[in-house]
Amino acid sequence: MKGSCERQVFERLRLAYGTSGWWPAESGFEVMVGAVLTQNTAWANVERAIAELRRADLLAPEAIAAVGLGQLASLIRSSGYFNVKAARLKALVAWIHDSGGLEALGRMPTEVLRARLLEVKGVGPETADDILLYAFHRPVFVIDAYTRRLFSRLGAIRGNEHYEILRRRFEEAFPDDVARLNEYHALIVRHAKDVCRSRPLCPGCALKDLCAVGALQPG
Ligand code: SF4
């Protein structure tokens with residue numbers, strides 16, 4: 001996959017959808033909570049869980065640290081796997097505390113911060129990169145299942161490449177460009193949900209003339 005492919009797809013999607021203004025959250029910490037809660041569930045379920053946390057005044061690291069594990073699990077029930085995710089949120093806020101707080105984390109170089117995040121229980125590369133890009137505004141890219149599906153259909157990747165190989169390719173296409181990396185992931189998610197779904201709606205797709213699968217479709 002060449003960098004020009006990523007740039008061309010980005011421009012097409014931006015023309016088709018405009019600006020997304022991601023991540024939908026009121027604070028960096030809320031982004032972090034959302035990144036954990038969105039694992040293996042739809043965003044609508046995460047929104048309900050975050051609304052419960054907001055109602056309980058728990059959208060701060062100290063508040064999550066102080067609340068009981070059972071109560072936390074109950075509040076985030078809508079996000080699924082709620083006992084596991086409650087433990088993961090507890091691990092995340094313990095890590096924030098042990099690292100000297102969010103401001104101290106914000107001063108760390110990106111690769112150091114990424115390595116530290118990946119040491120938190122329950123934080124894998126996708127969650128870490130969500131947090132780095134949308135909470136800490138670092139120039140990293142998030143590779144998710146939507147990205148793999150879209151770019152394999154386009155014929156640009158196999159789809160089973162190692163996470164880090166794909167991440168580097170997108171980051172090299174937009175070096176140090178936080179704004180575009182931020183917008184690109186949001187655009188891919190939107191396109192994958194609205195058009196390039198599990199059953200793709202190829203007629204009318206903004207990428208059809210670039211796409212290996214789209215080329216096989218009539219219209
Ligand atoms: S043409 Fe079809 S398969 Fe290709 S990106 Fe568009 S919706 Fe997906």
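A pocket is an open set of grid points with protein on both sides within 12 Å along at least five of seven lines. The model used in these exercises is predicted.

**Exercise 1. The largest pocket**

Find how much space lies in the largest pocket, and describe its lining.

*Solution.* 
1. Start with the volume. The largest pocket holds about 560 Å³ of space.
2. Go to the centre. The lining has 21 residues, and the closest to the centre are Thr-38, Thr-41, Glu-126, Asp-144 and Tyr-146.
3. At least two lining residues come from each of helix H9 (125-135), H10 and helix H12 (178-194).
4. Ten lining residues are nonpolar, six polar and five charged.

**Exercise 2. The largest cavity**

State how many cavities of 30 Å³ or more are counted, then describe the largest cavity.

*Solution.* 
1. Take the count. One cavity reaches 30 Å³ or more.
2. Take the volume. The largest cavity has about 90 Å³.
3. List the residues at the centre. Of 15 lining residues, Cys-196, Pro-200, Cys-202, Cys-205 and Cys-211 are the closest to it.
4. Find the main contributor. Helix H10 (residues 145-154) gives the largest share of this lining, three residues.
5. The lining of the largest cavity splits into eleven nonpolar, two polar and two charged residues.

**Exercise 3. Packing of H2 and H3**

Classify the packing of helix H2 (residues 28-37) against helix H3 (residues 43-55).

*Solution.* 
1. Read the geometry. The angle is about 135°, and the axes lie 10 Å apart.
2. Apply the cut-offs. Angles over 145 degrees count as roughly antiparallel, and 65 to 115 as roughly perpendicular. H2 and H3 are therefore oblique to each other.
3. H2 and H3 cross in a right-handed sense.
4. Name the contact. H2 brings Glu-30, Val-33, Gly-34 and Leu-37, while H3 brings Trp-43, Val-46, Ala-49, Ile-50, Leu-53 and Arg-54.
5. Seven of the contact residues are nonpolar, one is polar and two are charged.

**Exercise 4. Backbone exceptions**

Locate the cis peptide bond, and the residue with a positive phi although it is not a glycine.

*Solution.* 
1. Recall the background. Most residues other than glycine have a negative phi, and most peptide bonds are trans.
2. Check omega. Between Trp-22 and Trp-23 omega is about 0°, and the bond is cis.
3. Asn-40 has a positive value of about 60°.

Technical notes
Residues are numbered from 1 along each chain as its sequence is written. This is a predicted model: local features need pLDDT of at least 70, side-chain atom pairs count only at pLDDT 80 or more; totals for chains, interfaces and linings use all residues. Side-chain values use heavy atoms; hydrogens and water are left out. Axes are lines fitted to C-alpha atoms, for helices over the stretch in contact, and angles run from 0 to 180 degrees between N-to-C directions. Helices (H or I, at least four residues) and strands (E, at least two) are DSSP runs, numbered from the N terminus. Angles under 35 degrees count as roughly parallel, over 145 as roughly antiparallel, 65 to 115 as roughly perpendicular and the rest as oblique. A crossing is left-handed if the near helix is turned anticlockwise from the far one by less than a right angle, and right-handed if clockwise. Contact means heavy atoms within 4.5 Å. Ala, Val, Leu, Ile, Met, Phe, Trp, Tyr, Cys and Pro count as nonpolar, Asp, Glu, Lys and Arg as charged, and the others, Gly among them, as polar. On a 1 Å grid over the protein atoms alone, a cavity is a set of points where a 1.4 Å probe fits but cannot get out, and a pocket is an open set with protein on both sides within 12 Å along at least five of seven lines; lining residues have an atom within 4 Å of a point. Grid points are joined across faces, edges and corners, and a volume is the space filled by probe spheres set on the points.
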